[in-house]
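Reader: I should like to learn how to read a model of this kind, one feature after another. Could you give the general idea each time and then the case at hand?

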Amino acid sequence: MGHASGAVTAREVIEEAGALVDEHRAIVEGWRIGKAAAEGSVQRPALVREALAPVLLKAGFGSRMENSHADFQATNVLTLVKKLTRETGEDRFPKWYDLLSDAAHPAFGARIAYATPAFRHESKAVMVRSYARSPMSLTDGRSAQSLEPTVALAVADSLIAAGTHIVDLLDDSLAVVDDFGLTTSAATLTRRTYWRAFHPTRGSRACPCGRGKWSACGHRWGAAGPGRP
């Protein structure tokens with residue numbers, strides 16, 4: 001069942017990569033609006049909440065189940081695949097996704113995952129296919145030719161492409177988290193310790209976010225935020 005489980009896993013990774021693209025862009029835009037709030041503005045907390053709360057609620061509670069809230073409908077998975085394709089420029093994602101979906105269900109993709117091509121007798125009266133749990137080969141008694149494991153190749157290629165983009169995008173997303181925490185000085189407002197509980201510093205000192213000097217990192221209200229535009 002290796003091909004089937006691999007197809008399900010790879011398809012899920014593509015979906016997760018698409019969801020990360022969608023949510024990252026929404027959070028970057030929400031934080032851009034909130035961070036642009038004027039210095040000293042009494043409306044700043046409300047503006048930040050107004051910009052980010054709907055995005056975070058949808059990311060955390062979005063669903064497509066029958067009774068899910070109308071304001072938090074999760075983005076259609078095919079839309080996520082399209083967004084991933086546009087962002088990466090990798091136009092094979094839709095093709096991979098279709099094949100992997102087929103291989104994960106009782107359909108054509110699942111059939112070819114474990115079978116040889118159909119061999120017909122020259123009379124066209126008989127057709128034979130061989131099935132096995134692993135990639136197969138053809139032999140004429142003197143030599144053997146491996147058959148292309150179409151589904152396995154799609155699993156490997158899509159995992160590499162989607163996984164690489166996920167790693168890059170997670171790093172970009174972490175920069176947004178750090179920018180929010182350091183701009184708002186959130187860690188100074190609680191005694192609780194937590195991951196990325198960074199405190200602002202000054203001038204040319206190394207920034208707690210680890211991306212350069214404090215003065216150059218732009219963790220201040222009104223400055224441009226990080227993340228992919």
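Reader: Where is confidence lowest in the protein, and where is it highest?

Author: Where pLDDT is low, the predicted coordinates should not be read in detail. This is a predicted model. The mean pLDDT of the protein is 87, and 86% of its residues reach 70 or more. Helix H5 (residues 108–113) has the lowest confidence, with a mean of 63, whereas H3 has the highest, at 97.

Reader: How many helices and strands does the protein have?

Author: There are seven helices and four strands. Read from the N terminus, their order is α-α-α-α-α-β-β-β-β-α-α. Of the 229 residues in the protein, 32% are buried.

Reader: What span does helix H6 reach from its first C-alpha to its last?

Author: Helix H6 comprises residues 150–184, which is 35 residues, and its span is 51 Å. That value is close to the 51 Å expected at 1.5 Å a residue. Just after H6, serine 185 takes a positive phi of about 55 degrees.

Reader: Let us turn to charged pairs. Which residue forms a salt bridge with lysine 83?

Author: Side chains of opposite charge can pair when their charged atoms come close. The partner of lysine 83 is aspartate 22, and their closest N and O atoms are 2.6 Å apart. This pair links distant parts of the chain, since lysine 83 belongs to helix H3 and aspartate 22 to helix H1, 61 residues apart. In total, the count comes to seven salt bridges.

Reader: Is aspartate 22 buried or exposed?

Author: Aspartate 22 has a relative accessible area of 17%, and because buried means under 20%, aspartate 22 is buried. Lysine 83, at 25% relative accessibility, counts as partly exposed.

Reader: Which residue forms a salt bridge with arginine 25?

Author: Arginine 25 pairs with glutamate 87, with 2.9 Å between the closest N and O atoms. This pair likewise links distant parts of the chain: arginine 25 is in helix H1 and glutamate 87 in helix H3, 62 residues apart. Arginine 25 is partly exposed at 38% relative accessibility, whereas glutamate 87 is buried at 19%.

Reader: Which parts does the salt bridge between arginine 211 and aspartate 178 tie together?

Author: The closest N and O atoms of arginine 211 and aspartate 178 are 2.9 Å apart. Arginine 211 lies in the loop between H6 and helix H7 (214–217), and aspartate 178 lies in helix H6, so the pair ties together parts that are 33 residues apart in sequence. Salt bridges that share partners join Asp178, Arg196 and Arg211 into one network.

Reader: How much space lies in the largest pocket?

Author: Rolling a probe the size of a water molecule over the atoms shows where empty space is left. Here the largest pocket holds about 380 Å³. It is lined by 17 residues, of which Ala19, Glu23, Ala74, Thr75 and Leu80 are the closest to its centre.

Reader: Which helix gives the most to the lining of the largest pocket?

Author: H1 gives the most, with seven residues. Helix H1 (2–35), helix H2 (44–61) and helix H3 (77–88) each supply at least two residues of this lining.

Note on methods: Residues are numbered from 1 along each chain as its sequence is written. This is a predicted model: local features need pLDDT of at least 70, side-chain atom pairs count only at pLDDT 80 or more; totals for chains, interfaces and linings use all residues. Side-chain values use heavy atoms; hydrogens and water are left out. On a 1 Å grid over the protein atoms alone, a cavity is a set of points where a 1.4 Å probe fits but cannot get out, and a pocket is an open set with protein on both sides within 12 Å along at least five of seven lines; lining residues have an atom within 4 Å of a point. Grid points are joined across faces, edges and corners, and a volume is the space filled by probe spheres set on the points. pLDDT is the predictor's confidence in each residue, from 0 to 100. The expected span of a helix is 1.5 Å times one less than its number of residues. A salt bridge is a side-chain nitrogen of Lys or Arg within 4 Å of a carboxyl oxygen of Asp or Glu. Buried means under 20% relative accessible area, exposed over 50%, partly exposed in between (1.4 Å probe, protein chains only).
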